[in-house]
Amino acid sequence: MTDTLEKNTDGTVDVATRQHWISVLSRSSSNELCAYWEDLSPGLTYSMLRQPETGLVMVRARAGGKGQRFNLGEASVTRCSVSMETGEVGHGYVTGRNKRHAEMAAAFDALLQNENWTARLLENVIAPIDERLQKSKNERQAKVASTKVDFFTMVRGEDE
Amino acid sequence: MYVAVKGGEKAIANAHKLLAEDRRGCPDVDELQTRQISEQLGLGVSRIMAEGSLYDKDLCALAMKQARGDMIEAIFLIRAYRTTLPRFSYSVPVDTSKMDIDRRISATFKDLPGGQILGPTFDYTHRLIDFTLEADEQVPKANTSEAGLDDDMPRVLDNLLKGEGLIQSEAVVEDEDSQAVGDLTREPLEFPANRDVRLQNLARGDEGFVLALGYSTQRGYARSHAFVGEIRFGKASLVIEPEELGFAIDIGDIELTECETVNQFQGSKTEPPQFTRGYGLAFGQNERKAISMALVDRALRARELGEDIVAAVQDEEFVLSHSDNIQSTGFVEHIKLPHYVDFQSELELVRRMRRDLEEKNISEKQAAE
Amino acid sequence: MSTQQNQVAGFSIPGFSNPIFDSTDVFRKVLSAMSRPGEIQTIKAPSAHPESLNPTSSAILLALADMETEVWLAPEMDSIEARNYLKFHTGCKVVEDPKDSKFAVVNTDTGIDVYNKLKVGSAEYPDRSATVIMMVDDISNDHDITLKGPGIKVSNTLKVEHVAQEFWYWFEENTRLFPCGVDVIFASAEQIAAVPRTIKVEHASCM
């Protein structure tokens with residue numbers, strides 16, 4: 001991940017890279033992120049721009065998967081926005097109602113945008129969480145795959 | 001005469017205390033943890049999420065516990081809770097073709113790309129009570145397959161029938177972003193209802209009601225001979241585009257069950273004979289609901305397809321006005337609450353009618369004599 | 001595209017420090033102001049606000065606007081910073097025409113043509129009308145105008161600095177539309193007072 005870190009000409013991080021880490025932070029757990037945060041050098045502080053708040057996202061879908069849009073129902077989502085002393089603004093959005101998780105996701109998003117931290121955090125925080133998520137996804141997939149049907153045709157004895 | 005009565009506060013407070021004690025049940029038995037409910041009664045939680053119209057497993061598990069397993073009461077709690085929360089945004093429409101598949105089957109095509117994946121299903125079980133579950137039995141471990149799943153699991157109807165033009169296509173209007181998407185949580189139901197509103201209504205509609213209506217189409221009321229084109233259950237990404245970011249972010253997975261039916265269509269003055277579609281989608285693992293919803297969605301497309309409306313299931317006023325179990329239960333159950341005054345006036349009325357009749361009979365009798 | 005391009009003015013101004021209690025408090029103050037027309041309420045302002053909006057009008061919008069609320073900002077109140085601030089904290093839509101708004105943020109210089117464009121609701125839905133938030137220099141209970149009507153025992157006096165005579169003429173016309181009509185909240189740096197559509201206004205100089 002760190003080897004291929006894309007940078008824009010102005011030195012800021014590429015959108016796809018940030019989208020990736022935001023998604024990993026959202027799918028991680030609150031405890032996991034708190035533990036990583038405590039491992040960082042102490043004294044890292046941020047201020048709240050938008051206090052952690054639980055609300056709703058209306059989940060949209062499409063008729064027939066591809067057609068007209070409709071509102072399926074809502075999902076609970078918690079969000080938070082913080083600002084580092086160095087000026088980076090981070091946003092955290094997580095499904096569910098865990099405020100600590102949203103706050104930590106926002107804090108990591110802010111810190112990841114600081115170029116002194118980006119590579120380090122991608123390697124030491126984002127990559128291991130991503131690996132864990134991938135592993136559990138693969139384990140599930142292997143179990144599901146065992147339920148795939150192998151069809152075989154029975155020979156009918158009508159011709160003799 | 002109208003007599004206002006007041007009272008019962010003490011009885012009500014005590015009834016709630018008794019309820020709380022009964023909910024807990026015998027204290028010798030371990031208290032049920034919400035985690036146990038969400039992990040071990042997952043399909044019940046799915047139903048509460050679908051009909052409560054709120055994706056939140058932990059909260060729906062808690063609602064089930066508080067409601068003592070009464071699903072409609074739990075759904076009521078969830079509907080009430082959601083009204084206390086602000087709405088942040090609308091998601092980008094979920095892409096069900098990119099789901100992480102847990103189950104995916106087609107009843108119409110045997111050899112579909114990606115294969116038939118049975119997943120965790122009750123199908124093909126013998127429906128025999130498993131008494132080993134009464135004890136702490138050893139759970140058999142799921143097998144794994146090295147081969148894994150195909151990366152590409154195309155949605156069946158998108159690929160297999162469309163090439164020949166044999167199936168109705170799902171139209172997306174060009175200036176989609178300028179069109180509002182109907183929302184029953186914001187605007188009251190109005191008729192005629194568009195498909196967006198119908199699908200939202202059915203997605204949160206009562207499973208039993210939608211099931212019964214779906215069954216009615218199979219028994220011949222507005223028969224449209226349906227096949228299951230595909231059912232899939234799995235996890236789809238929830239994607240939003242926060243204004244402050246200016247780009248889309250994937251914030252987690254939600255479990256969805258999707259069903260698409262293929263229905264025969266004789267053709268009309270404007271349309272050649274072809275297959276038509278019904279669509280069902282629900283939060284969580286909710287296969288019965290998704291299939292039923294697809295059947296009812298197809299039946300409600302009668303107007304658009306120029307079919308005669310001959311059955312209840314095609315009548316959108318009937319279907320959409322009665323599908324919501326919170327509305328239904330509110331109105332049905334409210335008649336148990338005190339109606340003393342209403343009933344007094346009814347009583348008066350019946351007494352007077354009887355008196356009138358009696359007097360009439362007497363006077364007729366006297367006239368006859 | 002840079003990830004920081006959106007970190008422009010407005011997206012980095014903090015909102016309420018305690019969104020639930022702070023917005024409940026502001027809601028209560030607005031409700032009191034509306035139900036007791038002319039009574040002055042003091043609002044605890046958020047710690048920061050956009051330059052073009054004053055603290056109380058910012059607080060009212062943070063408390064009352066959400067993603068289904070259309071807000072119009074008069075040119076003097078409008079800025080990228082204000083728009084982003086409102087979008088970030090409330091998700092509201094900032095509209096370009098006062099006729100599309102549920103809240104119109106104006107000041108004492110705003111012309112009557114703006115007020116005439118505002119939604120007044122319909123006989124079936126008189127609630128589908130706009131509310132004016134007028135940023136003003138000072139509000140007091142000095143005797144400039146006399147208010148009478150529901151929520152006032154006998155009469156209340158109110159003085160709002162620099163409000164044009166034409167505004168009160170317009171407001172009088174507005175009250176004749178009842179049950180339709182527009183409600184007005186005056187918002188100084190720390191205080192608010194309201195005159196809903198139900199109120200009869202007598203101007204001191206007219207008497």
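**Stop 1: a ring pair between chains**

Start with B:Y279, which is buried at a relative accessible area of 0% (buried means under 20%, exposed over 50%, partly exposed in between, with a 1.4 Å probe and protein chains only). A word on the ground rules: this is a predicted model, where local features need pLDDT of at least 70 and side-chain atom pairs count only at pLDDT 80 or more, while totals for chains, interfaces and linings use all residues. Residues are numbered from 1 along each chain as its sequence is written, chains are lettered from A and ligands numbered from 1 in the order in which they are written, and side-chain values use heavy atoms, leaving out hydrogens and water.

Over all chains, the structure holds 15 aromatic pairs (rings of Phe, Tyr and Trp, the last by its six-membered ring, with centres within 6.5 Å; planes under 30 degrees apart are stacked, over 60 edge-to-face, the rest tilted).

**Stop 2: within chain B**

Select B:Y55 and B:F283, whose ring centres are 5.4 Å apart with planes at 75°, so they are edge-to-face. Both B:Y55 and B:F283 are buried.

**Stop 3: a cluster and two charges**

In chain C, ring pairs connect C:Y115, C:F167, C:W168, C:W170, C:F171 and C:F186 into a cluster. Next, find C:R128 over the face of C:Y125, 3.7 Å from the ring centre (CZ of Arg or NZ of Lys within 6 Å of the ring centre and within 35 degrees of the ring normal). Finish at A:R79, over the face of B:F88 at 3.8 Å from the ring centre.
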